[in-house]
Amino acid sequence: MVENKIVPADFHGIESLDSEVLLLPIFVEERPLKGVAGFVDWQLNGYLSGLVINRLFLPNDGGLLLFPTRTAFPVPKILMYGMGKVKELTIPKILLHYRKIMEVLSRAKFMSFAAPLPGSILSPLSVDDLATAWVQMINNHYSGENVITLIPKQHTHSLQAALLRSKRK
């Protein structure tokens, strides 16, 4: 069984991370980078923005870029994942994205990862639906041991409820 931990999506939460890789889901329209990606970009002196601006990372559907942080950043690797266009996001599409994310992390043999709840900032979908889908995909498709989900404090209850529901099944 995967151990799930919830951490606030703020500077203190990011600084406290203890995982092998930080997953950063990015939308095509996301300029400047927002949420956790924005915090990380600031901490890395605009490095993530530079990757997007210089087209070294394309946030189209399923785009991937894995790189070492090489700084005093608390997580040694970052995996950027392209979420495509916000206006095209539906529950079936978010399930496909979440499943691909879990498969990539599992194939890379990452035993732990941290991530903001993908889609929770820009998506028109409800945080409850996103949290339920996220927990379902972690439980069914991630072969590692530990997941840390960074989430704004006002949405913590949605993720906690999804975790509780998954334990009852």
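Helices (DSSP runs of H or I, at least four residues) and strands (DSSP runs of E, at least two) are numbered from the N terminus. The model is predicted, so local features need pLDDT of at least 70 and side-chain atom pairs count only at pLDDT 80 or more, while totals for chains, interfaces and linings use all residues. Residues are numbered from 1 along each chain as its sequence is written, and side-chain values use heavy atoms, with hydrogens and water left out.

**Figure 1. The sheet has six strands.** The sheet is open, its strands follow the order β1-β6-β5-β2-β4-β3, and the pairing is mixed. Two strands count as paired if DSSP finds at least two bridges between them. At the edges are β1 (3–8) and β3 (64–68), each of which pairs on one side only. From one strand to the next, the twist averages 20 degrees. Strands of a sheet pair through backbone hydrogen bonds, either parallel or antiparallel.

**Figure 2. Strand β5 pairs with β6 and with β2.** Residues 112–116 form β5 and residues 146–151 form β6; these two strands pair in the parallel sense over five bridges. P116 is found opposite L150 of β6. β2 and β5 also run parallel, joined by two bridges. In this pair, L22 stands opposite A114 of β5. From β5 the chain passes through α5 to β6, a β-α-β crossover that is right-handed. Right-handed means that, with the strands pointing away from the viewer, the path from the first strand over the helix to the second runs clockwise.

**Figure 3. Strand β5 is covered on both faces.** Five of the five residues of β5 are buried. Buried means under 20% relative accessible area, exposed means over 50%, and partly exposed lies in between (1.4 Å probe, protein chains only). S112, A114 and P116 are buried on one side of the strand, and F113 and A115 are buried on the other.

**Figure 4. L117 lies in the loop between β5 and α5.** Why is L117 counted as buried? Its relative accessibility is 2%, so L117 counts as buried. Contact means heavy atoms within 4.5 Å. Neighbours within four places in sequence aside, L117 is in contact with Y98, V127, L130, A131, W134, T149, L150 and I151. One of these residues, V127, is 10 residues from L117 in sequence and 8.6 Å from it in space, C-alpha to C-alpha.

Figure 5. Axes are lines fitted to C-alpha atoms, for helices over the stretch in contact, and angles run from 0 to 180 degrees between N-to-C directions.

**Figure 6. The largest nonpolar core has 34 residues.** A nonpolar core is a set of buried Ala, Val, Leu, Ile, Met, Phe, Trp, Tyr and Cys residues joined through side-chain atoms within 4.5 Å. Within this core, L23, Y98, M102, L105, F113, L117 and W134 touch the most other members. At least two residues each come from β2, β4, α4, β5, α5 (127–141), β6 and α6 (156–168). Helix α5 supplies the largest share, eight residues. A second, separate core has 24 residues, among them V7, L48, F57 and I148.

**Figure 7. Helix α2 has one buried face.** Which residues of α2 (residues 35–43) are buried? They are V36, A37, V40 and D41. Seen down the axis of α2, the buried residues fall within an arc of 135 degrees, so they line one face of the helix. The arc is that of the directions from the helix axis to the C-beta atoms. These buried residues pack against α1 (11–15), β2, α3 (47–53), β4, β5 and β6.

Figure 8. Most residues other than glycine have a negative phi, and most peptide bonds are trans. In the loop between β2 and α2 lies P32, and the peptide bond from R31 to P32 is cis, with omega near -10 degrees. N45, in the loop between α2 and α3, is not a glycine but has a positive phi of about 55 degrees. N45 is exposed, with a relative accessible area of 73%. R55, in the loop between α3 and β3, is not a glycine either and has a positive phi of about 60 degrees. Its relative accessibility is 61%, so R55 counts as exposed.
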